[in-house]
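Here is a friendly walk through one chain, from its overall fold down to individual side chains. Have a look at the sequence and the structure first.

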Amino acid sequence: MVERNEPAAPARVAIVALPPGLCRRCVRVVSRRVSDLPGVVSLEFDVDAGVLRVGGEVDPAALRRACTFNHGLTGG
């Protein structure tokens, strides 16, 4: 059997826009929710720009749900 060294497919990266300047608590909550999703291999916040980059094969609907928060205004 001959093995081929084919280049790996480039990793997918989803970019999610979040409100700029999120507090630490919100960053922790969103990070935990997103990292628990199936298929996530990396995540990177740019809090100042309000951008979250998620690497991997992730369900877009699940990613949107994981990034939904209310800043604690309703106790949720």
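The report below moves from the fold to the sheet, the core and the charged pairs.

## The fold at a glance

Please keep in mind that this is a predicted model. The chain contains two helices and three strands, and their order along the sequence is β-α-β-β-α.

Of the 76 residues in the chain, 30% are buried. The accessible surface is about 5,700 Å², and carbon and sulfur atoms account for 53% of that area. Contacts also reach across the sequence: among those between residues at least 6 apart, 56% join residues at least 24 apart.

## The sheet

The three strands make an open sheet, arranged in the order β1-β3-β2 with antiparallel pairing. Its edge strands are β1 (13-17) and β2 (40-46), each of which pairs on one side only. On average, neighbouring strands of this sheet are turned by 20 degrees against each other, direction ignored. In general, strands of a sheet pair through backbone hydrogen bonds, either parallel or antiparallel.

Let us take the two pairings in turn. β1 meets β3 (residues 51-56) in the antiparallel sense over five bridges; here, valine 16 has leucine 52 of β3 as its bridge partner. β2 and β3 are also antiparallel, and six bridges join them. Aspartate 46 has valine 51 of β3 as its bridge partner. The hairpin of β2 and β3 has four residues between the strands, and glycine 50 there takes a positive phi near 75 degrees.

Helix α1 (residues 24-35) lies across β2 and β3, and runs at about 160 degrees to β2.

Which residues touch the most other members of the largest nonpolar core? They are Val34, Leu52, Leu63 and Cys67, in a core of 17 residues. The elements that contribute two or more residues to this core are α1, β2, β3 and α2 (60-66). α1 gives the most, with four residues. As a general background, nonpolar side chains tend to be buried together in soluble globular proteins.

Leaving aside residues up to four places away in sequence, leucine 63 touches Ala14, Val16, Val34, Leu37, Val54 and Val58. Two names in that list have come up already: Val16 is the bridge partner of leucine 52, while Val34 is among the core residues that touch the most other members.

## The charged pairs

How many salt bridges does the structure hold? There are two. Side chains of opposite charge can pair when their charged atoms come close.

One of them joins arginine 12 to glutamate 57, with the closest N and O atoms 3.1 Å apart. This pair links distant parts of the chain, since arginine 12 sits in the segment before β1 and glutamate 57 in the loop between β3 and α2, 45 residues apart. Both arginine 12 and glutamate 57 are exposed.

The other salt bridge is between arginine 53 and glutamate 44, whose closest N and O atoms are 3.9 Å apart. Are these two side chains buried, partly exposed or exposed? Arginine 53 has a relative accessible area of 30%, so it counts as partly exposed.

Definitions and conventions
Residues numbered from 1 in each chain as written. Predicted model: local features only at pLDDT ≥ 70, side-chain atom pairs only at ≥ 80, totals over all residues. Heavy atoms only, no water. Pairing = 2+ DSSP bridges. Axes fitted to C-alpha atoms, helices over the stretch in contact; angles between N-to-C directions. Contact = heavy atoms within 4.5 Å. Core = buried A, V, L, I, M, F, W, Y, C linked by side-chain atoms within 4.5 Å. Buried < 20%, exposed > 50% of the residue type's maximum accessible area, 1.4 Å probe, protein only. Salt bridge = Lys/Arg side-chain N within 4 Å of Asp/Glu carboxyl O. Areas by Shrake-Rupley, 256 points an atom, 1.4 Å probe, with all protein chains shown as cover.
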